[in-house]
Amino acid sequence: MFSGFFYKLKEARVPVSLREYLTLLEAVEKGLANCAVEDFYYLARATLVKDERHLDRFDQVFGAHFKGVINLADGIDEVAEADIPEEWLRKLAEKFLTDKEKAEIEALGGWEKLMETLKQRLEEQKGRHQGGNKWIGTAGTSPFGAYGYNPEGVRIGQDKSRHRRAVKVWDKREFKNLDDSVEIGTRNIKVALRRLRKWARTGAADELDLPGTITSTARQGWLDVQMRPERHNAVKVLMLFDIGGSMDDHIKVCEELFSAVKTEFKHLEYYYFHNCPYEGLWKDNARRRTDQVSTWDVIRTYGADYKLVIVGDATMSPYEITYPGGSVEHWNQEAGAVWMQRLLDHFEHAAWINPQAENWWQYHGSIQIMYKLMEGRMYPLTLEGLDRMTGELNR
Amino acid sequence: MKFQGTENYVATEDLMVAVNAAITLQRPLLVKGEPGTGKTVLAEEIAKSLGKKLITWSIKSTTRAQQGLYEYDAVSRLRDSQLGDARVHDIANYIVKGKLWEAFEDESAPVLLIDEIDKADIEFPNDLLQELDRMEFFVYETQETIKAANRPIVIITSNNEKELPDAFLRRCFFHYIRFPDAETMTEIVAVHFPDIQKRLVSEALNLFYDMRDVGGLKKKPSTSELLDWLKLLMAEDLPPEALRAKDAKTAVPPLHGALLKNEQDVHLFERLAFMARREGR
């Protein structure tokens, strides 16, 4: 029962396990699904999904898998979703559109024309549609449909409270923006980085050590109070940030990352570089020409117990990494790759965070070179990527 | 035994399904959602509607799993031994029961709320795996096993500050309380303020959702803040027109202190108001 659905969820990378599957079956057996599709959907969601980030994927799989079943069972027509009375549409549009937008509609040939085209397309359209630029559906760029981004678009069916068609709850995909590869904020980054914490007791003994006191009292025969230092996060992090040039596109997310790490780690050191680390790094971008610190000094100053995290998009000309004198800013005696290797030889735990989307990496030669230099320890700047990175750094 | 929401709490259908599944299969229910969407209140209302006792265990960053089971009060025993108290010979006198023990012991299968589990250390949920799964634990000091006579209904809330371990999640049902849509919100308001003016509510809701749509807010106002705000509006006896007045000066809504919780957000609104005023000119 439902095993096909279960495997499809696994394929869609919703982390489900056998245990949850059995729980679902047990629940269905106990009659919790009420033999109704909607209740089954809610039940399956409560059982199989354990994180709101996966809700969107779950909805998609559910929609795809049970599409045929639902149509047969409830006799609900696929086109029904798009079958909205014109009157209602008009009301909706009047409610949502500003005067300016209305003027834009006029420019398109007026309201009547728009409605006419819409009707025509409704007739042509035989199935639910997603994406694309002509059909009525979701997430497309056609002027008709929901969740699209055509500026002169008409939103259909987005005001779901009036249009509560039970079977279609999952089609609304309300949890869309919670998918973990999209949004990243300071707080989320902190949570991801928290995995890196390593507790250690250092400093002044100012906390009562209860087990120690008991043991020592028992041994001595009188009350012998023992103190111990408080626990602190003892992880040490050295961060190198790529700044300027192509990194300007990623400045916001990098700022968020930076402010998150700054409050999260007690031992945090950071330096800036441009495109690729060479013989000098700097702490203040205003004085980058005058106040450079030699990379050798950085390697000597910070012990191998520091975890090295490099943040950069690694998008540059390959020569900037592989050839002496390849730098776009100055004449470098030794190639960037040599300096990277020196850093990596010293800092055993190292990772590269790349704000560039992961599926783009293969198209940039320089990213490929860096990826090889890092021995695969390059992670995208998403929550999921940061998670993988902390796992790697903790090994 | 079915949970249907109460007269004080509007439960959406998916929430009811999740709660009833957790009750029937006797598994913990993990509830997440934006702050102020009624996660903690849910446990109270389940207890009320099922006529059960509610035991609340509020988690802090210093809470350890063991504290929920029991604690061995070594210090009082040490003191008693130095004073020659007779109680000292029975170790059971120094076992302090925790909330889980309390819930397991209760014959009536109470509702146990483990509030804000994400505040505790990362390992905290793992330490409770067996206890929540089998509803039993072993007391080393007295060599006895405490087993739940009737399994309590366990509700766990989380604000998503830490990720919970997979092994723990697998044992729970999960529900994410979505931010209510305008219709549900009207129901919620009606439940809390039955005799509020209809027009005031609709004006307030419009304004409220407009505010939530403003980009760049640090903390979006949530249900509990809306309810507070309405209470204030009623107390001040403001007419609905005061909310609708779209002229530039009132772009910052009246009594906004209940809705906006930090000065950056208030500032943002003032700036928007200023811009609206310039446009209007």
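**From fold to backbone**

Chain B contains 13 helices and 9 strands. This is a predicted model. Chain B has 281 residues, and 30% of them count as buried.

In chain B, 5 strands make an open sheet, ordered 2-5-8-1-9, with parallel pairing. Strand 2 and strand 9 of chain B are its edges, and each of them pairs on one side only. From one strand to the next, the twist averages 20°. Strands of a sheet pair through backbone hydrogen bonds, which can be arranged in parallel or antiparallel fashion. Look at one pair within this sheet. Strand 5 and strand 8 of chain B run parallel and share 4 bridges. I156(B), in strand 8 of chain B, is the bridge partner of I114(B).

Now turn to helix 2 of chain B. It covers residues 39-50, which makes 12 residues. From first C-alpha to last it reaches 17 Å, close to the 16 Å expected at 1.5 Å a residue. Which residues of helix 2 of chain B are buried? They are K39(B), L42(B), A43(B), E45(B), I46(B) and A47(B). The list includes the lysine K39(B) and the glutamate E45(B).

Next, the contact between the chains. Chain B gives 25 residues to it, and chain A gives 26. On the chain B side, at least two residues each come from helix 1, helix 4 (74-83), helix 8 (166-170), strand 9 and helix 9 (182-192). Helix 1 of chain B supplies the largest share of that side, 8 residues. By class, the side of chain B that touches chain A has 11 nonpolar, 11 charged and 3 polar residues.

Chain A calls for a look at confidence. Its mean pLDDT is 71, and 65% of its residues reach 70 or more. Over residues 70-89 of chain A the pLDDT is below 50, yet this stretch has 23 contacts in the model beyond near neighbours in sequence. Residues 176-183 of chain A also have a pLDDT below 50, with 15 such contacts. Where pLDDT is low, the predicted coordinates should not be read in detail.

Finish with two loops of chain A. Most residues other than glycine have a negative phi. N275(A) is not a glycine, yet its phi is positive, about 65°. Where is N275(A) found? It sits in the loop between strand 6 (267-273) and strand 7 (280-282) of chain A. N275(A) counts as buried because it has 25 C-beta neighbours inside 10 Å. A314(A) is also a residue other than glycine with a positive phi, near 50°. Its loop runs between strand 9 (307-311) and helix 12 (319-322) of chain A. Is A314(A) buried or exposed? A314(A) is buried, because 26 other C-beta atoms lie within 10 Å.

How values were computed:
Residues are numbered from 1 along each chain as its sequence is written. Chains are lettered from A and ligands numbered from 1 in the order in which they are written. This is a predicted model: local features need pLDDT of at least 70, side-chain atom pairs count only at pLDDT 80 or more; totals for chains, interfaces and linings use all residues. The expected span of a helix is 1.5 Å times one less than its number of residues. A residue is buried if 20 or more other C-beta atoms lie within 10 Å of its own, exposed if 12 or fewer, and partly exposed in between; C-beta atoms are placed from the backbone. Two residues are in contact if their C-beta atoms, placed from the backbone, lie within 7 Å. Ala, Val, Leu, Ile, Met, Phe, Trp, Tyr, Cys and Pro count as nonpolar, Asp, Glu, Lys and Arg as charged, and the others, Gly among them, as polar. pLDDT is the predictor's confidence in each residue, from 0 to 100. Two strands pair if DSSP finds at least two bridges between them. Axes are lines fitted to C-alpha atoms, for helices over the stretch in contact, and angles run from 0 to 180 degrees between N-to-C directions.
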